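Subject: Structure handover

Hi,

Here is the structure for your files. My notes follow below it.

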Amino acid sequence: MSKPALMNSTYITTPIFYVNDLPHIGHAYTSIICDTITRFKKLEGHDVLFTTGTDEHGLKVEKAAKEKGKTPNDFVDEVSKNFRKLTSTLEIQNTDFIRTTEERHKISASFFWNKLVEKNQIYKGNYKGWYSVKDESFYQEKELIKEGEIFKTQDGSVVDWIEEDSFFFKLSLWEKELLKFYELNPDFIKPLSRMNEVKSFVKSGLKDLSVSRTSFNWGIKVPNSDHIMYVWIDALTNYLTSIGYPKINSKKIKFWENCIHIIGKDILKFHAVYWPAMLMAINHPLPKSIFAHGWWTNEGKKISKSLGNTVDPNEMINKFGLDQFRYFLLREVPLGNDGDFSEKSLIIRINSDLSNNLGNLIQRVTKFLKKNFNNKIPYSLIDEYETNKQLKQGYFLINNIKIKMNNFEISKCLEDVFLYIDELNKFVDECEPWKSFKLDPEKAGKDLSILIECFRIIGIILQPFIPNASRKILDTLNIKESSRRFDNLTREHALKKSYELNNPQPLFPRYEK
Ligand code: ME8
């Protein structure tokens with residue numbers, strides 16, 4: 001049965017990053033997760049749009065520009081480049097890089113605003129309350145901690161008291177609708193713990209949201225007014241701009257309805273409460289789901305510019321390699337949990353999993369095959385699929401990975417692949433083809449051929465996670481580019497007798513602790 005066309009469009013988004021800072025491990029992490037999901041969906045045969053970019057307006061950015069003695073325009077042009085460069089350093093397959101200072105975005109955000117006005121969702125008032133410039137967020141006093149005369153957020157950022165004219169979005173109207181929507185769509189917010197958090201936030205009561213500012217200028221103008229748009233309205237609309245809003249054709253709507261917002265847990269409220277409420281308010285379809293991942297610390301400490309302990313992804317990649325850095329971030333913690341970064345744990349992962357377990361296995365088998373079988377597969381594997389333990393396990397693994405990936409269990413997928421690699425290492429140790437080769441070359445040939453077919457499975461499965469190493473494995477196996485999708489993981493595509501491999505390539509060097 002052919003799949004409905006709707007299933008084949010996927011739209012993945014990262015948050016757009018503030019340009020007040022240099023990109024660090026946290027930004028790299030979200031981008032790598034999105035890239036992994038993108039590559040995975042493509043291998044499943046989906047058409048994928050993947051957008052990332054920079055959030056360039058608001059008080060925080062205006063202040064950062066002032067500190068550097070630059071105009072906001074010059075400043076954002078300069079800093080946005082660092083984030084664009086990161087996408088190429090990470091080799092992520094984004095299809096768009098959006099900047100909120102682009103004309104297409106101003107048109108889209110203004111259109112979105114006008115829609116809210118048209119639907120009678122905006123009114124003029126006066127905001128008196130607390131504001132955190134760091135989070136670009138309004139807070140109610142009950143959410144804050146008082147330290148002497150100062151009020152702080154739960155995360156320790158200082159809030160300022162502001163009083164100014166403002167437009168308000170009628171967020172309070174959407175409380176019931178939101179709760180109903182969460183009930184009907186239990187997968188809308190993941191992991192489940194975050195869904196529960198959001199529900200209790202909404203249940204505790206929603207106040208109308210101040211959506212414009214008048215005390216500074218750096219932002220998109222509210223149509224027909226001297227206010228500027230609250231930076232979060234401006235920012236959230238980027239997800240629509242990127243697919244051509246307001247001109248979204250039926251093809252783009254399919255992408256939108258299959259849109260997954262990957263975000264950090266810090267910005268859940270904006271994505272899971274404000275954004276769906278605003279979309280409901282203009283009667284626009286909602287994205288498919290939101291996944292909030294956890295937070296990285298550096299050797300137990302919160303990463304912050306003031307502590308000067310940010311982890312530079314460029315430095316890590318130069319030192320250890322891109323696949324190694326990706327693997328660590330994806331494998332070290334289950335998606336959704338917090339993680340602690342240290343070079344020591346990165347090295348442990350590289351040495352034990354990538355170098356010893358995967359790299360050595362592939363090297364020793366392919367080198368032996370080159371030396372003794374002239375790089376040719378000595379045995380045909382088609383008939384082995386039903387009976388051979390290793391191949392059956394490989395088959396099982398493919399289906400298992402598909403289920404887990406669609407459930408965002410990235411770390412578990414890698415754990416399962418590497419347990420399989422462990423099994424293959426045991427198999428090599430047991431059958432010792434280098435010894436049995438002299439006494440029983442046919443058996444050695446069969447065992448080696450089974451291993452190579454297992455490598456084809458591993459090489460294809462690992463592509464979304466460690467793309468460069470997988471490419472080397474598949475190049476060594478001489479697998480054509482067009483035969484690397486998941487639907488090639490069947491016995492019909494198994495390697496046949498006399499199939500010729502290429503020369504082995506080195507994979508992962510070991511590092512000293
Ligand atoms: O919030 N660990 O931008 P931002 C894990 N512009 N992820 C981290 C991290 C860490 N220590 N630090 C940052 C904004 N991140 C808004 C978003 S979207 C419409 C507007 C990642 O530059 C994580 O994805 O502060 C987090 O949500 C995002 O960077 C915040 O980036």
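K344 sits in helix 13 (residues 343–373); helices are DSSP runs of H or I, at least four residues, numbered from the N terminus. K344 is exposed, at 59% relative accessible area (exposed is over 50%, buried under 20%, partly exposed in between, with a 1.4 Å probe and protein chains only). K344 and W434 are 90 residues apart in sequence and 35 Å apart in space, C-alpha to C-alpha.

Before the rest, the ground rules. This is a predicted model, where local features need pLDDT of at least 70, side-chain atom pairs count only at pLDDT 80 or more, and totals for chains, interfaces and linings use all residues. Residues are numbered from 1 along each chain as its sequence is written, and side-chain values use heavy atoms, with hydrogens and water left out.

Next, D447. D447 belongs to helix 17 (residues 441–461). D447 is buried, with a relative accessible area of 7%. Leaving aside neighbours within four places in sequence, D447 is in contact with F427 and C431 (contact means heavy atoms within 4.5 Å).

Last, a helix pair. Helix 5 (residues 175–184) and helix 6 (residues 192–203) pack at about 160°, with axes 10 Å apart. Axes are lines fitted to C-alpha atoms over the stretch in contact, and angles run from 0 to 180 degrees between N-to-C directions. Helix 5 and helix 6 are therefore roughly antiparallel (over 145 degrees). From helix 5, E175, L178, L179, Y182 and E183 meet M195, V198, K199, V202 and K203 of helix 6.

Best wishes

Terms used:
Helices (H or I, at least four residues) and strands (E, at least two) are DSSP runs, numbered from the N terminus. Angles under 35 degrees count as roughly parallel, over 145 as roughly antiparallel, 65 to 115 as roughly perpendicular and the rest as oblique.
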